[in-house]
Amino acid sequence: MPVETLTGRCLCGQVRYTAVGEPVRFYHCHCSRCRHATGTGHASNLFLSGTLTFDSGEDLLRRFSPPDAVRFTNTFCSECGGRVPRVGSPGMVFIPAGSLDVEPSLAPQARIFFGSKASWACSGGVPEHDMLP
C-alpha cells in the first residue's frame with residue numbers, strides 16, 4: 001500500500017488531526033467494548049503504520065481504558081465525545097474510521113469478534129434509505 005495522508009476531526013470540529021502512513025488493516029469490530037464505546041453494533045477501525053499529528057484541540061483529548069483492558073483505549077474529545085485516533089504500539093495509529101474527512105484507499109477487510117455481535121446488528125433484510133424516510 002502507498003503512503004497516504006488522512007485527515008479528520010471530532011464531531012464538534014475542535015479536535016483535528018492528520019495521519020500519514022500506510023494503511024495496514026481495516027476492520028469492523030463487534031466486541032462488547034467497541035459496541036459500548038460507540039453505542040452502535042460495531043466500530044469501524046483503520047490501522048495505519050505511520051504518524052499522527054493533532055492540528056488543533058489536543059488539550060481537549062481524553063482517554064479511557066477499562067481497568068482490565070490490555071489493548072483497548074477510547075480516545076475522544078471532551079467537548080463533544082467524538083472518537084478520535086490514538087497511537088497504539090509504536091508506529092501504529094488506530095483511527096476510528098467515522099472520524100475521517102477523506103476516504104482511505106483500504107476498504108474494510110473483515111468483521112472481527114463477530115461471535116459476540118449483538119443479535120440485532122448487521123442483519124440483512126432491513127430497508128436502506130439515502131436520507132431519513
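**Questions on a predicted fold**

Me: How large is the relative accessible area of Arg 33?
Reply: Arg 33 counts as partly exposed. That label covers the range between buried, under 20% relative accessible area, and exposed, over 50% (1.4 Å probe, protein chains only). For Arg 33, the value is 30%.

Me: And what pLDDT do local features need here?
Reply: Residues are numbered from 1 along each chain as its sequence is written, and side-chain values use heavy atoms, with hydrogens and water left out. This is a predicted model, so totals for chains, interfaces and linings use all residues, side-chain atom pairs count only at pLDDT 80 or more, and local features need a pLDDT of at least 70.

Me: Which residue forms a salt bridge with Arg 33?
Reply: Side chains of opposite charge can pair when their charged atoms come close. A salt bridge here means a side-chain nitrogen of Lys or Arg within 4 Å of a carboxyl oxygen of Asp or Glu. The closest N and O atoms for Arg 33 are 2.8 Å apart, and the partner is Asp 68.

Me: How far apart in the chain are Arg 33 and Asp 68?
Reply: Arg 33 sits in helix α1, and Asp 68 in the loop between β4 (61–64) and β5 (74–77). Those elements are DSSP runs numbered from the N terminus (helices H or I, at least four residues; strands E, at least two). The pair links distant parts of the chain, with a separation of 35 residues.

Me: How many salt bridges does a search of the whole structure find?
Reply: Arg 9 is in strand β1 (residues 4–9) and Asp 101 in the loop between β7 and β8 (110–112), 92 residues apart. Arg 9 is partly exposed at 33%, and Asp 101 is partly exposed at 40%. The total for the structure is two.

Me: What is the volume of the largest pocket?
Reply: On a 1 Å grid over the protein atoms alone, a pocket is an open set of points where a 1.4 Å probe fits, with protein on both sides within 12 Å along at least five of seven lines; lining residues have an atom within 4 Å of a point. Grid points are joined across faces, edges and corners, and the volume is the space filled by probe spheres set on them. For the largest pocket, that comes to about 640 Å³.

Me: Which of its 23 lining residues are closest to the centre of the largest pocket?
Reply: Elements that each supply at least two lining residues include β2 (16–29) and α1 (32–38). Closest to the centre are Phe 47, Arg 71, Phe 72, Arg 86 and Phe 94.

Me: Is His 28 buried or exposed?
Reply: His 28 lies in strand β2. Leaving aside neighbours within four places in sequence, its contacts (heavy atoms within 4.5 Å) include His 42, Pro 108 and Ile 112. At 15% relative accessibility, His 28 counts as buried.
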